[in-house]
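The following note sets out points on strand pairing, backbone geometry and the ligand site. The numbered paragraphs may be read alongside the sequence and coordinates.

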Amino acid sequence: MKKKNNEPAPGAVPGLFGDIVPPAPKADGLLAFSYSKMSLYEECPLKYKFKYIDKIKEEPKFYFAFGSAIHAALEFMYAVKAPPFPTVEEVCEEFKREWGLKSYLEKGYRTQQKSDDDYLKGVAMLKAYYEHNRARLAPPFLVEYSTDVEVDGLKVRIIADKIEYKGGGLVELIDYKTGKDVKRQPSQLYMYQKIAEIDPRLKEKIAETYGHKVADVRVSGMLYYHVPTNKEYFFDRADDKEIGGFWERVLGVADAIRGLKFDPTPSERGCAWCDYKSLCPHFFGNNPPPAEHKLTSAENIEALVDRYGRLQERMDELQAQLAEVGESIGRASRDGGEFAGSQYTARVKKGSKWEFKDREAVINILNQFELYHKALTLTLTGITNVLESDALPEEARKKLLEQAVKKTAFDIKIVKKAGLI
Ligand code: SF4
């Protein structure tokens with residue numbers, strides 16, 4: 001899809017470095033899809049775009065790091081074809097190994113202490129899990145089973161924590177939950193049921209493991225196992241009507257993604273947890289600042305830190321607007337000089353600035369050198385600061401320079417006219 005003159009390409013949406021055009025279709029022409037992608041799109045299409053089209057990484061979240069280390073330890077525990085199972089000490093050792101792969105900041109904790117506290121919580125949780133399940137330990141049919149199934153122009157990925165085979169083609173899917181509470185998530189159940197039942201590999205696995213040649217696989221239900229409390233919540237299989245309605249919804253979301261429909265759907269809760277606020281033209285543009293902005297200095301430091309961050313982001317947004325107006329003044333001034341408005345006078349000096357050719361390539365470089373967090377809070381001017389920073393690794397500078405073009409720029413100094421308040 002090409003731009004003509006300065007017109008945006010059909011369906012293009014604004015991005016960091018210009019309009020977003022559709023990504024090149026994959027060789028198989030299928031849209032990669034999953035339950036979490038669908039959830040994110042339904043939460044906010046623009047957030048989906050930032051994450052999956054622009055490929056801008058989100059800040060690490062400590063609760064994901066915690067859940068993933070617990071999952072890794074349980075996977076290690078169940079990855080045996082026959083007893084004996086690893087001891088509880090070995091399971092905790094695996095948790096420790098996984099925990100140590102990243103620093104507390106990389107895991108998303110604010111302090112080392114909070115990370116250490118969660119480590120101890122995880123060890124206690126695994127010991128309690130082991131004791132609770134010791135008497136019924138048995139090798140499961142499948143652990144961390146990941147599959148991609150092609151259906152209706154989609155390549156849908158599901159990852160099941162554990163699958164038990166009940167005989168006669170019946171399987172039960174088990175999902176470990178490590179958060180505060182367990183809510184039934186019908187969409188997840190529907191997605192897993194639909195995909196598991198048409199997955200040809202699952203039939204093959206049943207034949208390989210149990211020697212049963214089954215005509216069909218049928219999901220008997222889904223078990224949510226809440227690890228912090230050792231409570232189990234079983235949900236029956238969905239009926240055909242529920243699955244049919246759900247699948248219409250899936251195809252609707254897929255069509256919207258293919259049609260590049262990425263309008264933001266702001267919400268107080270969704271935006272509060274969104275890492276892309278500084279890139280989102282709608283966050284501070286058309287919407288009143290979130291209620292938290294009314295907090296006073298008497299309130300806790302965490303709220304003040306968040307408020308400070310949001311003000312900083314707002315400032316970045318205003319700086320982007322300043323840069324845009326400044327460019328227009330520069331073009332109008334030709335070689336610079338002094339120009340008067342009704343309230344201000346501008347002294348314009350001609351100079352140079354960097355611009356970047358390929359948005360995707362720059363984001364990839366920032367991601368590769370773990371500079372994406374700077375890109376999240378910085379505008380184009382900020383990316384230039386990253387490029388010109390003494391602290392930038394030479395390899396990153398070399399790659400960024402390959403994407404950069406030096407262009408004419410104007411330095412503008414504004415002075416308020418005498419007598420005006
Ligand atoms: S800030 Fe809100 S509207 Fe903007 S992308 Fe994030 S969730 Fe969507």
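1. Exposure terms and basis of the note. A residue is called buried under 20% relative accessible area, exposed over 50%, and partly exposed in between, with a 1.4 Å probe and protein chains only. The model is predicted; local features need pLDDT of at least 70, side-chain atom pairs count only at pLDDT 80 or more, and totals for chains, interfaces and linings use all residues. Residues are numbered from 1 along each chain as its sequence is written, and side-chain values use heavy atoms, with hydrogens and water left out.

2. Arg334. This residue lies in the loop between helix H11 (301-333) and strand E9; helices (H or I, at least four residues) and strands (E, at least two) are DSSP runs, numbered from the N terminus. Arg334 counts as exposed because its relative accessible area is 66%.

3. Asn230. Asn230 belongs to the loop between strand E7 (218-226) and strand E8 (231-236). With a relative accessibility of 13%, Asn230 is therefore buried. As background to such entries, most residues other than glycine have a negative phi, and most peptide bonds are trans.

4. The Pro83-Pro84 bond. The peptide bond that joins Pro83 and Pro84 is cis, with omega about 10°. Pro84 sits in the loop between helix H3 (62-78) and helix H4 (88-99).

5. Pairing around E5. Two strands are said to pair if DSSP finds at least two bridges between them. Strand E5 (residues 154-167) runs parallel to strand E3 (residues 31-34), to which four bridges join it. Within that pair, Ala32 is opposite Lys155 of E5. Strand E4 (residues 142-151) is antiparallel to E5, with nine bridges, and here Glu150 has Lys155 as its bridge partner. E5 also pairs in the antiparallel sense with strand E6 (residues 170-177), over five bridges; Glu164 faces Glu172 of E6 across this pairing.

6. Turns on either side of E5. What phi does Asp152 take in the hairpin of E4 and E5? The value is positive, near 50°, and two residues lie between those strands. The hairpin of E5 and E6 likewise has two residues between its strands, and Gly168 in its turn has a positive phi of about 60°.

7. Tyr35. Helix H1 (residues 35-43) contains Tyr35. Tyr35 is buried because its relative accessibility is 18%. Between Tyr35 and Ile158 there are 123 residues of sequence separation, yet the C-alpha to C-alpha distance is 7.5 Å.

8. Pairing around E10. Strand E9 (residues 336-340) pairs with strand E10 (residues 344-356) in the antiparallel sense over five bridges. The two form a hairpin with three residues between them, and Ala340 is placed opposite Thr345 of E10. E10 pairs in turn with strand E11 (residues 404-416), again antiparallel, over 13 bridges. In this second pairing Ala346 lies opposite Ile414 of E11.

9. The ligand shell. Which residues are around the ligand? They are Cys44, Lys47, Pro264, Pro266, Cys271, Cys274, Lys277, Cys280 and Phe283, where near means that one heavy atom of the residue lies within 4 Å of the molecule. By class the shell has seven nonpolar, no polar and two charged residues. Here Ala, Val, Leu, Ile, Met, Phe, Trp, Tyr, Cys and Pro count as nonpolar, Asp, Glu, Lys and Arg as charged, and the others, Gly among them, as polar.

10. Cysteines. Among the cysteines of the shell, Cys271 counts as buried because its relative accessibility is 16%. Cys280 is likewise buried because its relative accessibility is 16%. The structure holds zero disulfides, a disulfide being a pair of cysteine sulfur atoms within 2.5 Å.
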